[in-house]
Amino acid sequence: MSGGVDSSVAAALLVERGHDVVGVTMKTFCYSETPAHGRTCCGLDGINDARRVADRLGIAHFVFDVEEDFTRDVIDDFVAEYARGRTPNPCVRCNSNTKFRDLMRRGEDLGCDAIASGHYVRVRAEPEGTALLRGVDAGKDQAYFLWGLPKNLLPRLVFPLGGLTKSEVRRRARELGLVTADKPESQEICFVPTGDYRDLLDRRLPTRHPALEPGPIVTLDGAVLGEHSGYAGFTVGQRKGLGGGLPAAMYVVAIRPDVREVVVGPREALAVAAVRVAEPNWLARPPRPGDRVTVQCRHRARSAPAVVEAGVDGDLVLAFDDPMTAVAPGQSAVVFQEARVLGGGRIVATIGANVSASNR
Amino acid sequence: MDFIYLDHAATTPLRPEVREAMAPYLDEAFGNPSSAHRWGRQAAAALEGARASVAATLGARPPEVHFTRGGTESDNLAIFGRARLPRPGGGRPSIVHSAVEHHAVLEAARWEEALGVRRRVLAVDPTGRLDLDALDQALEDLPAVVSVMWVNNEVGMVLPVPEVAERCQARGVPLHTDAVQAVGKVPVRVDDVPVALLTVTGHKIYGPKSTGVLFVREGTELAPLLHGGGQERGVRPGTQDVAGAVGLAEALALAVAERESEAARLGGLRDGLEAALRARLPSLVVHGGGAPRAPHVVNVGIPGIDGAALVAALDLDGVAVSGGSACASGATTASHVLEALFGPAVGTRAALRFSLGRGTLPEHVERAVEATVRAVERMSPA
């Protein structure tokens, strides 16, 4: 229970169905340190909101301090990825580690049989194992974030909102008189409540780390167009922040951390033919080379048809039928078969459709 | 399911005698003690009666007893009130406190340190010995105040306040003691022990919440935190909570009158609880077991078991206890007391504190043991 409307309604639905429910809020870091805490789901206000909803539903509620594990699994990874010139996905890391695996352990400590959350996804028992499916509300579906769940947890996960739309959920929240019914969505990363992650990187990276130092903005041909103030401020596909006076529309095509270069190019240079994915996690029987799947490389992006190329154990290579635009290393590539999540992994390299630039 | 409360060190229920004593002052006897008319006189009489009662119970004189709104307020008043006085002979004031003080002393001291006051911390070992050599050294500097609690709230350890008080008095340095967990459990008399400042709170002794006392020995200067109408000799202005003061006085009088028999009874139950837990959970560690302890507290740790999860599991099984220290979010955080006593190696998050009280019966202890063993077995790696 984050204190947001989704987890609140999920809890309410479970109580309605007659389950014996315990509400848990995880304290992921010390909120008193950040100035703008409390606006959305993970600040102190969030914890208090969760507590009020639990009280309203008549269920026990506990707050568990998972700061140490969360720092190691999520925050340290976030910082390390930016240092490598990649764009991290901390919500994926949290779901893969803290939110389900660690929470399940605590649930077991309390004698619980299952873990539920307000994610917009569905699970379905199938002969070969439990399947994880997209939520029915395409605009809210969160399957993209859950590829890293340990497969053996799936039979013990419950997602009451997977079959509902967001507006249905808000309506239920109002009907139930939940204080969180009209709460705004949380948009920021929970440990960067101000939205400015540079301050976090500044505090956690060694002084004068290259990721935060000025460096050249270069074209694909190597011409220097200007200077940037730290490659950690850029992500592939980005157009802003490159400074004015650039010829035509230029986009960040790649980041070369060892030389602190931000490489820019025209829109066509963003076209990606294939992605290389490290250490995929499979929630179903892994696809074989030659299998056709659909792949999603960004939250809120369409998933596109692709072919699994060689290398399913260890690095996986997925080749798109049509080039995908602006794929950022560090993001997740999630492999689907229709609505079912087969698995996914972290994109470590992109193979350009029009250019040979790639980032490892 | 019957729910069992074993968290009396956190707070206690209001006793019927206290509620009865308070009732008129919540009702028809509502006057402001500072008013000149009959309502005022009635309220003032009750307030002064309460003050005289507290004084008699503690061995103090009535002008030395000041009513505050709780233990934290009294502790803060003692620290800030002394640290903010100009140092005789000039220079930066200094304050001294033990390593195991309650946050109400610790945080006040830290705040003063951030403002430039020198702060010195006295180590305490697991047997309850305070570093007296360090104290003597610190006293050379004539600190504005030394603060050593009488009974530690987390592990129940009794600190050598009489010894510390003698040494402070010999140097003319005021000793403050947080006696919140001590009154009603161990003998506490300011005519026996030369403390200069002493904190009591109502809600740990079956009195009302938001009530407290700060004893200030005659001749001890103190700067106030609040400024206003001059009530409580200017030490704590504001219209007094007469009902609260009456309630606190009644609670304190009863607690001290019953101390000897209740301490024996609680000690017996506590020792039984401890022995049963040790027998059923061989790896169990008792924090502070080697020190003189107040009779109502036992703080344990089981290696490899998450204290916060254990507290939650016990709650779901109907037994209320506490673990470590709670922060504003409600999560259990590491205990500075355990860290100070045992060093960072000890799992400071693994603590479980049982604190018994007036309503605790032998069958409650049995149930607590069963529930703890059940939870630990479920949580132990297979």
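Setting aside residues up to four places away in sequence, A:K166 touches A:V5, A:D6, A:Y120, A:D137, A:K140 and A:E185, where contact means heavy atoms within 4.5 Å. A:K166 is placed in helix α5 (residues 166-175) of chain A, helices being DSSP runs of H or I of at least four residues and strands runs of E of at least two, both numbered from the N terminus. At 11% relative accessibility A:K166 counts as buried; buried means under 20% relative accessible area, exposed over 50% and partly exposed in between, with a 1.4 Å probe and protein chains only.

This is a predicted model, in which local features need pLDDT of at least 70 and side-chain atom pairs count only at pLDDT 80 or more, while totals for chains, interfaces and linings use all residues. Residues are numbered from 1 along each chain as its sequence is written, chains are lettered from A and ligands numbered from 1 in the order in which they are written, and side-chain values use heavy atoms, with hydrogens and water left out.

### A buried arginine in chain A

A:R106 lies in helix α4 of chain A and is buried, with a relative accessible area of 7%. Leaving aside neighbours within four places in sequence, A:R106 is in contact with A:F64, A:D65 and A:V66, and also with B:D306 of chain B. The C-alpha atoms of A:R106 and A:F64 are separated by 8.9 Å, although these residues stand 42 residues apart along the chain.

### Helix α9 of chain B and its surroundings

Eight of the 10 residues of α9(B) are buried, so this helix is largely enclosed by the rest of the structure. The buried residues are B:G307, B:A308, B:A309, B:L310, B:V311, B:A312, B:A313 and B:L314. They pack against elements of both chains, namely β2 (60-65) and α4 (90-109) of chain A together with β11 (319-320), β13 (332-333), β14 (351-355) and α11 of chain B. Just after α9(B), B:G318 takes a positive phi of about 90°.

α9(B) passes α11(B) in a right-handed crossing, a crossing being right-handed if the near helix is turned clockwise from the far one by less than a right angle and left-handed if anticlockwise. On the side of α9(B) the contact is made by B:A309, B:L310, B:A313 and B:L314, and on the side of α11(B) by B:A371, B:T372, B:A375, B:V376, B:R378 and B:M379. These residues divide into eight nonpolar, one polar and one charged, where Ala, Val, Leu, Ile, Met, Phe, Trp, Tyr, Cys and Pro count as nonpolar, Asp, Glu, Lys and Arg as charged, and the others, Gly among them, as polar.

The largest nonpolar core has 85 residues, and those with the most contacts inside it are A:L157, A:F191, B:L310 and B:F354; such a core is a set of buried Ala, Val, Leu, Ile, Met, Phe, Trp, Tyr and Cys residues joined through side-chain atoms within 4.5 Å. α11(B) gives the most to this core, with eight residues. Not counting residues up to four places away in sequence, B:L310 touches B:I302, B:I305, B:L352, B:A375, B:V376 and B:M379. A second, separate core of 64 residues includes B:V100, B:V164, B:V193 and B:L248.

Axes are lines fitted to C-alpha atoms, for helices over the stretch in contact, and angles run from 0 to 180 degrees between N-to-C directions.

| Helix pair | Angle | Axis distance |
|---|---|---|
| α9 (307-316) and α11 (362-379), chain B | about 130° | 10 Å apart |
| α5 (132-139) and α6 (161-171), chain B | about 20° | 10 Å apart |
| α3 (67-83) and α6 (197-204), chain A | roughly 95° | within 10 Å |

α9(B) and α11(B) are therefore oblique to each other, α5(B) is roughly parallel to α6(B), and α3(A) and α6(A) are roughly perpendicular. In these terms, angles under 35 degrees count as roughly parallel, over 145 as roughly antiparallel, 65 to 115 as roughly perpendicular and the rest as oblique.

In the chain B pair, B:L132, B:L135, B:D136 and B:L139 of α5(B) meet B:E163, B:V164, B:R167, B:C168 and B:R171 of α6(B), and the residues of this contact divide into five nonpolar, no polar and four charged.

B:Y206, in the loop between β7 (197-201) and β8 (212-216) of chain B, has a positive phi of about 65° although it is not a glycine, and at 9% relative accessibility B:Y206 counts as buried. A:R260 also has a positive phi, near 60°, but is partly exposed, with a relative accessible area of 32%.
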